[in-house]
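Thanks for coming, everyone. Please have a look at the sequence and the structure on the screen.

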Amino acid sequence: MNSDPHYKAYKKVPGKREEFRIKPWELSVVWGNDKRYWNVPDSKDTRRDPHIELLQVCWLEVTGSIKLRDFAKPGKYSVSFRIGKKKDAFGWSVDMPVYVMAKIGKKGKYTVRRAHVARKDDSADFEIPEGAPLQIEIPNPDDYREDEELHFGLYEVWKGRWKGGLQIYEAIVKPAETSIQIRSS
C-alpha cells in the first residue's frame, strides 16, 4: 500500500493542442489512495468510460495542470469537469455547491465558478459549471517561465459535511466559445 494518502496524477498531458480532455488518472485527488474514500482508475483501465468514484469525503479536492507551452495558441479557454451522480449519492443538497477553479502559475489568482450537483438528474453525466463557463486567459507562453502551468480543480472543502456518489469522468480545457448577443430595440 502506498504510504501517501493522496493520489498524484499518473502523467502530465503532453503535446501542443487546442483542446485537452484530461482523463481520471491524469488528475490528482486528495485522499485518492485511500480506498475508504475514493476509487481511482489507473491508465490501464479498459472500461468504455472510466471515472473516479467518490465513495465518501468531507474534503473534495481534485486537481490538474497543463504546461502553458502545451497550448497551441494563447487566448480565452474554458475549464470544466464532466461528472455524474450515482443513484445513492448523498450530501449534495442545494446549499452544497462545488467550485471549479483555475489560475495561471502556483501564485496566480483563482478564477472561480460555483456549480450545483443537487439540481442534476442522477441518470446522466453532465458538465459543470453549467451556464456561464469558467474562462481563463491563456497568455503567450513566451511571456512566462518554461515550466509555468495552468492549474485547475474541482473543490468543496468549506462546508465540512460528508458527501459521496460523485463520478468524475474527465476535466476539459478548450477554447472558449464566443457568443454573439443580439439586442432587440
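First, the ground rules. This is a predicted model, where local features need pLDDT of at least 70 and side-chain atom pairs count only at pLDDT 80 or more, while totals for chains, interfaces and linings use all residues. Residues are numbered from 1 along each chain as its sequence is written, and side-chain values use heavy atoms, with hydrogens and water left out.

Now the overall picture. How many helices and strands does the protein have? Zero helices and twelve strands. Both are DSSP runs numbered from the N terminus: helices are H or I with at least four residues, strands are E with at least two. Of the 185 residues, 45% are buried. Buried means under 20% relative accessible area, exposed means over 50%, and partly exposed is in between, with a 1.4 Å probe and protein chains only.

Contacts next. A contact means heavy atoms within 4.5 Å. Take the contacts with a separation of 6 or more: 74% of them are between residues 24 or more positions apart.

On to the sheet. Five strands form an open sheet in the order β2-β5-β11-β7-β8, with antiparallel pairing. Which strands stand at the edges? They are β2 (28–29) and β8 (111–115); each has a single partner strand, so one side of each is left without a neighbour in the sheet. Two strands pair if DSSP finds at least two bridges between them. Strand β7, residues 98–104, pairs with β11 over six bridges, in the antiparallel sense. Ile 104 stands opposite Leu 150 in β11.

Stay on β11. His 151 lies in this strand, which covers residues 149–156. Is His 151 buried or exposed? His 151 counts as buried because its relative accessibility is 13%. Beyond neighbours within four places in sequence, His 151 is in contact with several residues, including Gly 64, Ser 65, Met 101 and Lys 103. Lys 67 is 84 residues away from His 151 in sequence, yet their C-alpha atoms are 8.8 Å apart.

Arg 82 lies in strand β6, residues 75–90. Outside the four places on either side in sequence, its contacts include Asp 49, Asp 125, Glu 127 and Glu 170.

Last, the aromatic rings. Rings of Phe, Tyr and Trp (its six-membered ring) pair if their centres lie within 6.5 Å; planes under 30 degrees apart count as stacked, over 60 as edge-to-face and the rest as tilted. By this rule, there are seven aromatic pairs. Phe 71 and Tyr 77 have ring centres 4.8 Å apart and planes at 75 degrees, so this pair is edge-to-face. Both Phe 71 and Tyr 77 are buried. Tyr 99 and Trp 158 are also edge-to-face, because their planes are at 85 degrees, with ring centres 5.2 Å apart. This pair links distant parts of the chain, 59 residues apart: Tyr 99 sits in strand β7, and Trp 158 in the loop between β11 and β12 (164–175). Tyr 99 is partly exposed at 21%, whereas Trp 158 is exposed at 54%. Finally, Phe 20, Phe 71 and Tyr 77 form one aromatic cluster.
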